[in-house]
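Dear colleague,

I am passing on the structure below, with short notes on what was found in it. Please read them alongside the coordinates.

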Amino acid sequence: MRLLTVLIVVVSVLALTATIATIVVGTRSFEGTVVDKPYEAGIAWDEVRKNRERLGWSVALQETTYKTGKNDLIVMLRDKNGSLLSDAVVAVALSRPSTRAFDKTYPANKLHDGRYVAAIDLPLYGNWDVTIDVSRKNERTSFDKIISAKQDDK
């Protein structure tokens, strides 16, 4: 009976230690709220989606896999008829799903063939969220994409 009591105490201490370690690691690595105002963000997302559907614009990335470091992200924009939108103003915002520490916005320059290029920097490997803001005349909308960065093997 005494051995069973010692075993229960040891297992309980190990479980308590694992729980405390998990709490400590979680509180040190979590940056806070993922979305500052989730209700308002949801309402705004619905408006963006409806506006995008009304405009009929679409966006495509030439590539979705890059190397860590400096890259050219090429964006192709099309109107509802499938024609390239060559008279838009484009900005590209990058962020990591897990942290805001690397959030950055880059302007995109128009190429001669109607595509847009943004010189981006991906300091870490893994997935990156991309938000492409498009303005044309009095219209504006945004598109969300995901790209990944692979570690540059030298």
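In strand E8, Ser148 is the bridge partner of Asn127. Please keep in mind that the model is predicted.

Strand E7 (residues 126-136) and E8 (residues 139-150) pair in the antiparallel sense over 11 bridges. Two residues lie between the strands of this hairpin, and Lys137 has a positive phi there, near 55°. E7 also pairs with strand E4 (residues 89-96), again in the antiparallel sense, over seven bridges. Within E7, Val130 is the residue opposite Leu94.

Thr68 sits in the loop between strand E2 (65-67) and strand E3 (69-78). Its relative accessibility is 16%, under the 20% cut-off, so Thr68 counts as buried. Beyond its neighbours within four places in sequence, Thr68 is in contact with Leu122, Leu124, Tyr125, Ala149, Lys150, Gln151 and Asp152.

Helix H2 covers residues 38-55, and its end C-alpha atoms are 26 Å apart. This agrees with the 26 Å that its 18 residues should span at 1.5 Å a residue. Asn51, Arg52 and Leu55 are buried in H2. Seen down the helix axis, the buried residues fall within an arc of 100°, so they line one face of H2. E8 is included in what covers them. Pro38, Tyr39 and Glu53, on the other side of H2, are exposed. Gly56 follows the helix and has a positive phi, near 80°.

Regards

How values were computed. Residues numbered from 1 in each chain as written. Predicted model: local features only at pLDDT ≥ 70, side-chain atom pairs only at ≥ 80, totals over all residues. Heavy atoms only, no water. Pairing = 2+ DSSP bridges. Helix = DSSP H or I, 4+ residues; strand = E, 2+ residues; numbered from the N terminus. Buried < 20%, exposed > 50% of the residue type's maximum accessible area, 1.4 Å probe, protein only. Contact = heavy atoms within 4.5 Å. Expected span 1.5 Å × (residues − 1). Arc of directions from axis to C-beta.
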